[in-house]
Amino acid sequence: MQYSMLLLDDEVNLCRSLSRALQREDLRIDALTSPTEAVEALSRNSYSLALVDLLMPGMGGLEFLDEVRRRSPDTLVVIMTAYASIQTAVQAMRARAFDY
């Protein structure tokens with residue numbers, strides 16, 4: 001069985017490193033650095049999981065989570081950040097993130 005994951009982080013090197021670290025034979029990873037491109041990818045592809053940075057220019061991870069819920073409600077979304085707070089954790093969970 002082939003799984004697919006959307007990896008979204010505006011930091012190119014981190015996105016590349018995570019993509020390599022998570023690479024498996026049964027997992028296709030679409031690693032993107034632009035939330036706009038990621039929204040377009042949601043329209044074209046089905047993802048089992050989205051791993052999404054919280055803080056990005058233009059559209060933050062919580063806003064992107066809302067887009068995922070509208071376009072692909074079965075996709076599990078994990079929000080990641082180096083700037084965690086209780087407030088953003090609560091917001092993410094209320095927005096139905098799978099994990100934070």
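**Exercise 1. Work out the strand order of the open sheet, and find which strands stand at its edges.**

Start with the order: in this predicted model, four strands form an open sheet that reads β2-β1-β3-β4, and the pairing is parallel. Now look at the two ends of that order. β2 (27–32) and β4 (76–80) each have a single partner strand, so one side of each has no neighbour in the sheet. Going from one strand to the next, you'll find a twist that averages 15 degrees.

**Exercise 2. Take the pair β3 and β4: how many bridges join them, and which helix packs on the sheet there?**

First, the pair itself: β3 (residues 49–53) runs parallel to β4, with five bridges between them. For a landmark, find Asp-53, which sits opposite Met-80 in β4. Next, bring in the helix. That's α3 (residues 61–71), which packs on the sheet and touches β1 (3–8), β3 and β4. Its direction makes about 175 degrees with that of β4.

**Exercise 3. Check the radius of gyration of the chain against that of a compact globule.**

For 100 residues, a compact globule would come out near 13 Å; the chain has 13 Å, so the two agree. Now for burial: 42% of the 100 residues count as buried, the cut-off being under 20% relative accessible area. Finally, take the contacts between residues at least 6 apart in sequence: 59% of them join residues at least 24 apart.

Key
Residues numbered from 1 in each chain as written. Predicted model: local features only at pLDDT ≥ 70, side-chain atom pairs only at ≥ 80, totals over all residues. Heavy atoms only, no water. Pairing = 2+ DSSP bridges. Helix = DSSP H or I, 4+ residues; strand = E, 2+ residues; numbered from the N terminus. Axes fitted to C-alpha atoms, helices over the stretch in contact; angles between N-to-C directions. Contact = heavy atoms within 4.5 Å. Rg over C-alpha atoms; globule rule 2.2 N^0.38 Å. Buried < 20%, exposed > 50% of the residue type's maximum accessible area, 1.4 Å probe, protein only.
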